[in-house]
Amino acid sequence: MSLLLGDPEWRMYGPGPAAVAQLLFEPDTAGVAAQRYPAATFGFIAGVFADPDDVLASAHTVWMRLSATAPYVQVRHGPGVHLATSHDDEERHRAAPLIFKSLPGPALGAVQYAERLYGPVPRCLAYLTSRGKHHGGPSLLKLETGQFTPAGIGSALIDLTGRAHLLETDQAVRRDLARETAQLAGLEHENANALAQEEQALLAIEQRDKARRNLSQARDFWRLHYARGLLDVLDKQHELSAAGETLRPLLADAERAVSRASEDLASLQDTKKVDQDWRSADEKSQRAANDLDAARDRERLLKVDIERTQEQIQEAEREAAGAHGSLDDARQTAAESRRASVESEVRRTAAEDARTSALRDLEQAEKGHYGQAGRTVEMLAAAGIDAVGLLDGLDIPPSQRSRWEARLSLYRDAVCIDAEQADRATHELAAFPGAVLVLRHKTPSARSPAFAPLPLRPFLHALAQRLHTTADPCAALDDELGLRVLGGFPQPITGRQALLEHLHRLATQAEETLRTTAEAVQRAHAAQADADLNESRLEHAQRAIELRARRQTLETELTDIAPQVQRLQTAAVEAARVREEALVKQRMLVLQRTEATRQRDEAKSAQQRLLTRDEELSRQRAALNIEYWTERAGGPDQARAALHLPSDGQHQAPDAPQPERRSEISLREVAGRYLQQAIADLGIDLINGAGAPNPTITRAVQVRANQADEEGSRQFVSAEAFERPADAIQDWLDTRADSDRGTRSRVAANREEREVALAAAQQTVADLNQSVHATQDSIALRLDQALQDIEDALDRLNRGAGLYGAELRRTLTPPATVSDIWRCEITPHWRRTPTGRMLPYNNITNAAQEKLFSVHLVLAALLASPHARGRVLILDELGDALGYHHRREVLAAIAGTSGEYGISVLGTCQDALTDDAADFYGGLLYFHYPSHTEALNTATRTFGYDDNNERVELTLDALLAGRTLW
């Protein structure tokens with residue numbers, strides 16, 4: 001019913017119509033099998049509106065078609081009663097689409113049907129716990145004002161009063177304003193872009209015009225440079241001719257001077273005899289000097305050698321002092337002393353080794369590691385096995401020593417270990433072949449010999465039984481083996497103490513032997529030193545004799561060489577004199593030839609300068625290229641006329657233009673600067689031609705750029721450097737002339753057209769701005785009046801309920817910008833005591849009072865709207881969460897207002913609340929859900945009041961004609 005009556009909470013703007021389709025039957029939602037009850041693809045809602053006093057005459061029927069696909073909502077309506085009145089459900093279902101199509105069209109859509117049928121003010125306001133599959137959101141109709149913000153209350157009250165369309169109207173106007181403003185901004189942006197493009201085009205045209213003007217100036221000055229050039233070359237031709245006539249007699253004189261200088265030089269060319277005399281004298285002088293140097297060097301060497309020999313003699317005599325005997329005897333004695341010294345060193349080394357060995361044996365014996373048995377004990381000790389040498393652990397009395405040592409001599413290397421360590425010891429000594437182990441038994445034994453430790457007595461007893469001894473000679477015999485071991489050792493071989501004493505004696509003897517040999521070494525070294533010293537002295541004495549003989553020989557040679565040196569010196573002086581005279585003659589001839597050559601070269605140089613000058617004059621006359629200048633400037637008279645110069649023999653007229661006095665180079669440079677400016681005006685790079693409009697201009701600019709001197713200044717050495725780029729640019733500018741004129745005209749027309757469009761858009765925006773302000777002022781006035789009406793109604797309802805008044809404190813803020821929204825913040829206040837202050841709606845109070853205040857606020861909004869009579873209020877789950885007393889207060893307030901102002905209220909409640917509601921409602925629609933297996937409710941039953949105020953079923957007969965009740 002809320003959908004049919006156009007409840008605005010269905011949100012028909014935007015995605016709302018699609019959500020309406022969820023009202024159609026779905027088997028999954030109903031909890032039945034889809035095979036038996038398929039999902040509905042469309043359905044209908046029908047309503048009849050009539051004056052209760054004359055139903056048939058005033059009846060008007062509205063049908064709404066819901067569809068699972070677009071269009072989701074369609075509404076048709078017409079006068080009269082148009083209902084499906086068939087006898088069963090199936091027939092009614094078939095008739096429904098035909099009835100819908102029979103109503104006048106066209107069908108109304110989801111957006112416009114409510115306003116077309118019921119006007120701009122909402123006809124129905126509803127709070128529903130769910131709308132299709134969507135749970136209902138916050139709403140004042142839920143009677144929970146405390147959960148709303150002031151802004152939410154303001155928005156809800158505006159909707160309830162039916163003034164929301166005013167805000168929509170304002171929003172539409174502001175959308176128009178935003179659209180027109182955006183269009184204006186677009187036009188302004190387009191105009192700015194167009195202006196920028198046009199300015200670029202006009203700037204390019206202006207630059208081309210500047211280029212045309214500069215190019216015209218360049219060509220004018222270029223023509224003047226031709227005129228000035230012709231007159232200059234004619235003047236230069238006359239000047240060069242006069243200089244050539246002056247040069248001819250000078251050339252003749254220079255040629256005669258060269259001829260004379262050449263003859264003088266030829267007479268001085270024969271230098272063979274002078275050169276030969278100098279070379280011969282130089283060779284003789286060199287030989288004499290070399291011979292003299294050699295003799296002097298030999299003389300100096302003899303003197304040095306004599307002095308050195310004398311020093312050696314003195315040194316040898318000092319070293320020979322104290323010598324005695326002959327040299328041969330001394331050498332033999334020294335050799336014998338060295339041999340004796342070496343032999344004594346050998347004996348001392350042997351004594352040191354013997355002492356070291358004796359001390360080592362003594363140290364090993366003290367540790368119990370002496371000999372082969374000692375090494376065995378050491379290896380076993382490293383393995384953690386207790387061992388001792390057999391002979392080392394026996395202390396034999398002297399009376400028995402000879403017999404027992406003969407028996408034990410074969411066991412000098414034997415080692416005693418405990419019997420239980422035998423296997424382990426054997427394993428540890430596997431790499432030491434020849435090791436002998438004697439096992440000690442811990443079992444006590446009373447056997448002989450008595451001197452032996454108890455564990456060894458079994459072994460020694462068995463050894464004594466096996467070997468018997470003899471006294472002379474002392475020996476131990478084993479007749480069974482045929483073994484004889486001789487005894488009679490000079491020193492004891494058993495007992496550690498005896499062994500240590502023996503080794504101490506050996507060490508002492510080794511020390512004494514080492515001392516004796518060391519003394520012998522010292523004596524041998526002293527004898528060797530004496531023998532070596534005497535030998536050295538006798539050798540130095542022999543060398544002194546030899547050196548004195550050599551000194552005598554050197555002194556004799558020195559005496560003989562002195563006259564030879566004197567003679568060679570005289571010869572060298574004479575040869576040097578002759579060489580000097582020959583050199584002077586040679587140099588004089590060279591100087592004479594050099595001078596003659598200089599004079600000839602100067603004459604030739606002077607002649608060459610004159611010839612060069614003559615050639616330069618000829619080259620300059622040829623380079624004048626008078627034909628070139630005449631061809632471009634015409635004759636001399638035309639050139640003078642172009643430069644405004646009077647003809648020969650004439651005076652300048654007073655009114656004639658000022659003559660052009662600048663040189664040809666200056667005029668050419670001015671033309672070049674104008675051309676350069678024209679090129680720059682077109683944005684062309686002056687060096688590489690980049691930016692040129694076509695390749696022809698690019699190549700021409702590059703040709704011009706290549707015409708530069710060492711300083712980099714522009715030099716137009718040929719007409720091509722100027723005329724080629726000038727002609728190329730002129731041709732291109734001529735092709736653009738008509739286009740440039742057309743562009744100017746087109747730009748002017750476009751600007752005028754855009755100015756008209758902009759003015760119209762600006763006027764539209766201004767008008768819409770004024771309309772927005774006027775609309776917002778009107779809306780603010782009407783909203784304020786509506787809210788004041790709600791406040792008055794709220795106060796009346798509050799006081800009518802026995803309370804103490806209420807008010808709405810509000811702030812209404814129009815949108816500040818086009819994209820902003822209206823902001824209406826309302827804070828309801830109410831007074832709980834006669835003299836108390838107004839409290840805000842969200843002040844903490846009990847739920848029942850809050851519900852009652854919410855009811856008053858909703859009813860006040862309904863009453864304050866225009867044409868409140870006939871409006872419908874739908875409240876789902878009415879009276880829930882309230883106690884008995886407060887529930888009755890709420891129902892009484894709703895019923896009283898409904899009856900007083902003609903408002904229809906539809907409230908849903910559970911069966912438990914039906915009895916409480918019975919005292920207030922005027923009719924009852926009863927919905928019954930028979931079971932979970934049924935797809936539909938049973939037929940809806942309607943209850944009212946008869947004249948006797950008793951309930952009767954109004955629809956009994958009609959329902960009995962259709963589907964069953966249950």
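**Exercise 1. Which residue in β12 does A476 stand opposite? Work out the sheet around this pair.**

Solution. Keep in mind that this is a predicted model.

Step 1: start with the pair itself. A476 faces V485 in β12.

Step 2: look at the strands that hold the pair. β11 covers residues 474-478 and is joined to β12 by four bridges, the two running antiparallel.

Step 3: widen the view. The sheet is open and has three strands, in the order β10-β11-β12, with antiparallel pairing. β10 (468-471) and β12 (483-486) are the edge strands, and each has a single partner, so one side of each has no neighbour in the sheet. On average, neighbouring strands here are turned by 25 degrees against each other, direction ignored.

Step 4: P473 sits between β10 and β11, and the peptide bond from D472 to P473 is cis, with omega near -5 degrees.

Step 5: see what covers the strands. Helix α11 (residues 398-408) lies across β10, β11 and β12, and runs at about 45 degrees to β11.

**Exercise 2. Find the buried residues of helix α15 and decide how they are arranged around its axis.**

Solution. Step 1: list them. Within α15 (residues 626-633), the buried ones are I626, W629 and A633.

Step 1: look down the axis. The buried residues of α15 fall within an arc of 70 degrees, so they line one face of the helix.

Step 2: recall the helix geometry behind this kind of spacing. With 3.6 residues a turn, residues three or four places apart in an α-helix point the same way.

Step 3: turn to the other side. E627 and E631 are exposed, on the face of α15 directed away from its buried side.

Step 4: see what comes next. G634 follows α15 and has a positive phi, near 80 degrees.

**Exercise 3. Classify the packing of α17 against α19 as parallel or oblique, and name the residues that meet.**

Solution. Step 1: get the geometry. α17 (residues 664-681) and α19 (residues 719-800) pack at about 40 degrees, their axes 11 Å apart.

Step 1: apply the cut-off. Angles under 35 degrees would count as roughly parallel, and the angle here makes α17 oblique to α19.

Step 2: From α17 come A671, G672, L675 and I679, and they meet F722, P725, A726 and I729 of α19.

Step 3: look at the loop between α16 (636-642) and α17, where H644 is placed. H644 isn't a glycine, yet its phi is positive, about 60 degrees. H644 is partly exposed, at 35% relative accessible area.

**Exercise 4. Trace the pairing from β13 through β14 to β15.**

Solution. Step 1: β13 (residues 806-813) is joined to β14 (residues 823-830) by eight bridges, running antiparallel. R809 is opposite T827 in β14.

Step 1: β14 has two bridges to β15 (residues 839-840), also an antiparallel pairing. Here H829 is opposite P840 in β15.

Terms used. Residues numbered from 1 in each chain as written. Predicted model: local features only at pLDDT ≥ 70, side-chain atom pairs only at ≥ 80, totals over all residues. Heavy atoms only, no water. Buried < 20%, exposed > 50% of the residue type's maximum accessible area, 1.4 Å probe, protein only. Arc of directions from axis to C-beta. Pairing = 2+ DSSP bridges. Axes fitted to C-alpha atoms, helices over the stretch in contact; angles between N-to-C directions. Contact = heavy atoms within 4.5 Å. Parallel < 35°, antiparallel > 145°, perpendicular 65-115°, else oblique.
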